[in-house]
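This report goes through one protein structure, from the overall fold to single residues. The structure is shown first, and the text follows.

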Amino acid sequence: MVSNWERLQKKQVQNKQGKRVSSIKSSTSAVQTRKIRTPLSKLVEQDKQRKMEEAALRFKDNQTNLENAGLTSSTTNQTKPSPRKQEIGKYLAIDCEFVGVGPGGEQSELARVSIVNFHGHIIYDEFVKPRERVTDWRTFVSGIRPSDMHKAIPFKQAQNDVAKISKDRILVGHAVHHDLEALYLTHPKRDIRDTSMHLPFKQKYSRGKTPSLKKLALEILGLDIQSGEHSSVEDARATMLIFKSDKKGFEDRLRH
């Protein structure tokens, strides 16, 4: 037979346990309420962080695509290209970068020349000292900085080098006449393959108008280039790949 005292003690224990559970539930509910009421500034920061992570993933994916296409060099898993592929060869792609000179930096002056062979390997890549005082480095586009001029070569040397390398070879470029004009050079018309003037590209990708190199790279190669600072090596490689995508078409049109 259970005494009244034992029943009272048992009831007190039960009451204490009930209060403890109720207290825990109340505390949990308060925490959940606080979580729901996240400050607006924190939500903005979280959204900003999410966008940064998404942008980083897109950049990583694009860099992988560029490396797979041979436009950039990966620091891992590199294999040494065969000597044959590193030869100058018959076809060369050229691209230049420019800085601004004169009032407001409106006039363009040569600051870098890059040449790659048919396989995309660098044959020539030099920074060039502008002959006039630079008033606009155009870094956000050109990728050129004052510090690059420490290793730059004189304009005359660059001009002679390019003339020597391109002699008796087919020169591939995008609006290549701008590059030649900047170097004060000429090249036989029959030995020029200009991706900006290729009629099938103009008709298919820009409604008969002159397509940009960025657009052709995206449409033909599936690559996003020139999103920030330009690289004349990357642009020359992209130009060569675009030319190779319809090499037969280029050559057939020259025969007619």
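**Overall make-up**

The model is predicted. The protein has nine helices and six strands. Its 256 residues include 35% that count as buried. Among contacts with a separation of 6 or more, 62% are between residues 24 or more positions apart.

**Nonpolar cores**

The largest nonpolar core has 19 residues, and those touching the most other members are Ile94, Leu110, Val113, Ile115, Tyr124, Val162 and Leu183. Two or more residues of this core come from each of strand S1 (91-101), strand S2 (107-117), helix H4 (155-166) and helix H5 (176-182). Helix H4 gives the most, namely four residues.

What does Tyr124 contact, leaving aside its neighbours within four places in sequence? The list consists of Val113, Ser114, Ile115, Ile153, Gln157, Ala158, Asp161, Val162 and Ile165. Of these partners, Val113, Ile115 and Val162 are also named among the core members that touch the most others.

Val176 belongs to helix H5. Is Val176 buried or exposed? Its relative accessibility is 2%, so Val176 counts as buried, the limit being under 20%. Beyond residues up to four places away in sequence, Val176 touches Ile94, Leu171, Ile192 and Asp194. One of these, Ile94, is also among the residues of the largest core that touch the most other members. Val176 and Arg193 are 17 residues apart in sequence, with their C-alpha atoms 8.4 Å apart in space.

Ala175 sits in the loop between strand S5 (170-173) and H5. Its phi is near 55 degrees, a positive value in a residue other than glycine. Most residues other than glycine have a negative phi. Ala175 is counted as buried because its relative accessibility is 16%.

Arg138 also has a positive phi, near 50 degrees, and is not a glycine. Its place is the loop between strand S4 (134-136) and helix H3 (139-142). With a relative accessible area of 18%, Arg138 is buried.

**The second largest pocket**

The second largest pocket holds about 360 Å³ of space. Which residues line the second largest pocket? They are Lys189, Arg190, Ile192, Arg193, Asp194, Met197, His198, Leu199, Phe250, Arg253 and Leu254. Strand S6 (192-194) and helix H9 (247-255) each supply at least two residues of this lining. By type, the lining divides into five nonpolar residues, one polar and five charged.

Glu251 lies in helix H9. A relative accessible area of 13% places Glu251 among the buried residues.

Ser245 is part of helix H8. Its relative accessible area is 41%, so Ser245 is partly exposed. Once neighbours within four places in sequence are set aside, Ser245 is in contact with Phe201 and Ile220. Ser245 and Leu221 lie 24 residues apart in sequence and 8.6 Å apart in space, C-alpha to C-alpha.

Gln226 is located in the loop between helix H7 (213-221) and helix H8 (232-245). Its side chain makes a polar contact of 3.0 Å with the side chain of Asp235. Gln226 also touches Leu213, Lys214 and Glu234, again without residues up to four places away in sequence.

**Accessibility of selected residues**

The table gathers the accessibility values of residues discussed above.

| Residue | Relative accessible area | Class |
|---|---|---|
| Val176 | 2% | buried |
| Glu251 | 13% | buried |
| Ala175 | 16% | buried |
| Arg138 | 18% | buried |
| Ser245 | 41% | partly exposed |

Note on methods:
Residues numbered from 1 in each chain as written. Predicted model: local features only at pLDDT ≥ 70, side-chain atom pairs only at ≥ 80, totals over all residues. Heavy atoms only, no water. Core = buried A, V, L, I, M, F, W, Y, C linked by side-chain atoms within 4.5 Å. Buried < 20%, exposed > 50% of the residue type's maximum accessible area, 1.4 Å probe, protein only. Contact = heavy atoms within 4.5 Å. Polar contact = N/O pair within 3.5 Å; in protein donor to acceptor, adjacent residues only side chain to side chain. 1 Å grid on protein atoms, 1.4 Å probe; cavity = no way out; pocket = protein on both sides within 12 Å on 5 of 7 lines; lining within 4 Å. Points joined across faces, edges and corners; volume = space filled by probe spheres on them. Nonpolar A, V, L, I, M, F, W, Y, C, P; charged D, E, K, R; others polar.
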